[in-house]
Amino acid sequence: MNVTSMQNSDWQIDGSTRILGVIGDPVMHSLSPAMHNLALSYLGVNARYLAFHVKPSHLNDAVRGFVAQGVLGFNSTLPHKEALLKLMDWVDDEAMLMGAVNTVRIEPDGRLLGYNTDAYGFQMAMEMNFPKHMLGAEVVVLGAGGAARGVVTGLANGGVQRITVANRTLSRAEHLLDSLTGPNLARVDRRATPLEPHKLSLETCKLLVNTTSAGMHGESFQAVDLHRLPPDAVVVDIIYTPARTPFLQAAQNRGLKILNGLDMLVHQGARSFYIWTGQQMPVSRVKDYLERLLNS
């Protein structure tokens with residue numbers, strides 16, 4: 001079955017069809033429904049994945065409604081990841097260490113099992129594309145929001161030596177590093193710094209990662225001088241639309257290797273998919289489909 005036939009097939013929904021989904025505020029921009037529905041159809045799993053716009057004030061009601069209706073599980077995106085933690089009956093080590101839940105499995109008895117697949121998604125994206133650029137590396141992470149938590153944890157799990165988190169508000173970067181725990185993070189030299197040109201140590205940086213939303217609407221980083229990076233450095237932007245932000249385009253013009261956020265999205269989604277279904281997502285097919293979808 002090719003991508004076109006999977007996209008256009010007449011999916012049968014019956015009384016046994018299970019529901020999966022993603023909650024967020026906003027959420028309609030999410031590529032997760034396209035990703036998961038393709039995988040579900042390809043593997044013949046009788047389930048459908050939907051997007052649910054849930055405001056923070058309605059989070060508890062939404063979760064209780066999912067349990068009452070027999071929903072199989074769901075993903076969460078901003079701003080719900082941290083708030084979900086206290087609603088879980090059980091939380092895996094990664095979610096506990098990160099203080100955030102992005103994947104929930106609902107057991108038949110209604111228990112809520114919380115996971116976080118963001119760090120795994122980033123780590124896998126790096127290992128698949130640049131396997132030698134984490135171990136022992138010095139890394140600069142731009143931004144200290146929710147996305148940075150998964151990136152920093154994934155970097156620590158990948159064996160980096162030093163992580164510098166640069167943010168316009170220094171206290172947020174300090175809080176992020178103080179709140180992340182675990183043996184892998186304990187082995188990493190972690191620093192917080194203001195996002196200012198003279199404060200960034202780029203000359204020895206092997207990996208530069210943007211976790212902010214800057215670039216999604218054409219913005220560029222004036223505070224980051226890419227010419228100070230070593231010629232073998234890799235520049236990553238976790239944004240996947242546009243596929244090449246001004247930040248990545250500037251890095252490529254400089255001759256540096258680049259990576260956008262699509263691989264991270266697919267690999268974190270694949271981990272969630274396995275948690276719900278026990279089956280492996282067809283990662284390469286899903287990525288090809290999403291690339292075509294974005295390009296169109």
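**Entry 1: strand β1 and its partners**

I began with strand β2 (residues 47-53), which runs parallel to β1 and is joined to β1 by 7 bridges. I am working on a predicted model, where local features need pLDDT of at least 70, side-chain atom pairs count only at pLDDT 80 or more, and totals for chains, interfaces and linings use all residues. Residues are numbered from 1 along each chain as its sequence is written, and side-chain values use heavy atoms, with hydrogens and water left out.

I took helices (H or I, at least four residues) and strands (E, at least two) as DSSP runs, numbered from the N terminus. Two strands pair if DSSP finds at least two bridges between them.

I then looked up β3 (residues 73-76), a strand parallel to β1 and joined to β1 by 4 bridges. Which residues stand opposite G21? I found L50 in β2 and F74 in β3.

Is β1 mostly covered or mostly open? I noted that β1 covers residues 18-24 and that 5 of its 7 residues are buried (buried means under 20% relative accessible area, exposed over 50%, partly exposed in between, with a 1.4 Å probe and protein chains only).

I followed the chain from β1 through helix α2 (residues 32-43) to β2 and found a right-handed β-α-β unit. A crossover is right-handed if, with the strands pointing away from the viewer, the path from the first strand over the helix to the second runs clockwise.

**Entry 2: helices against α11**

Two packed helices are described by the angle between their axes and the distance between the axes. I used axes that are lines fitted to C-alpha atoms, for helices over the stretch in contact, with angles from 0 to 180 degrees between N-to-C directions.

I looked up α2 with helix α11 (residues 262-277): their axes come within 11 Å and cross at roughly 50°. That makes α2 oblique to α11 (angles under 35 degrees count as roughly parallel, over 145 as roughly antiparallel, 65 to 115 as roughly perpendicular and the rest as oblique). The crossing of α2 and α11 is right-handed (left-handed if the near helix is turned anticlockwise from the far one by less than a right angle, right-handed if clockwise).

I listed residues of α2 that meet α11, among them M35, L40 and L43; on the α11 side they include L265, F273 and W276. Contact means heavy atoms within 4.5 Å.

Next I looked up helix α6 (residues 118-129), whose axis comes within 7 Å of that of α11, the two crossing at roughly 125°. That makes α6 oblique to α11. I recorded a right-handed crossing for α6 and α11. Residues of α6 in this contact include Y120, F122 and M128, and those of α11 include M264, H267 and R271.

**Entry 3: the six-stranded sheet**

What is the strand order in the open sheet of 6 strands? I read β9-β8-β7-β10-β11-β12, with parallel pairing. β9 (189-194) and β12 (257-259) stand at the edges, each with a single partner strand, so one side of each has no neighbour in the sheet. The twist averages 20° from one strand to the next.

I found 4 bridges between β10 (residues 207-210) and β11 (residues 234-237), which run parallel. V209 has V236 in β11 as its bridge partner.

Helix α7 (residues 146-157) packs on the sheet and touches β7 (138-142), β8 (162-167) and β10; its direction makes about 175° with that of β7. Helix α10 (residues 246-253) also packs on the sheet, touching β7, β10, β11 and β12, and its direction makes about 165° with that of β11.

**Entry 4: N253**

I looked up N253 in helix α10. Is N253 buried or exposed? N253 is exposed, with a relative accessible area of 61%. Its C-alpha atom is separated by 9.9 Å from that of L226, 27 residues apart along the chain.
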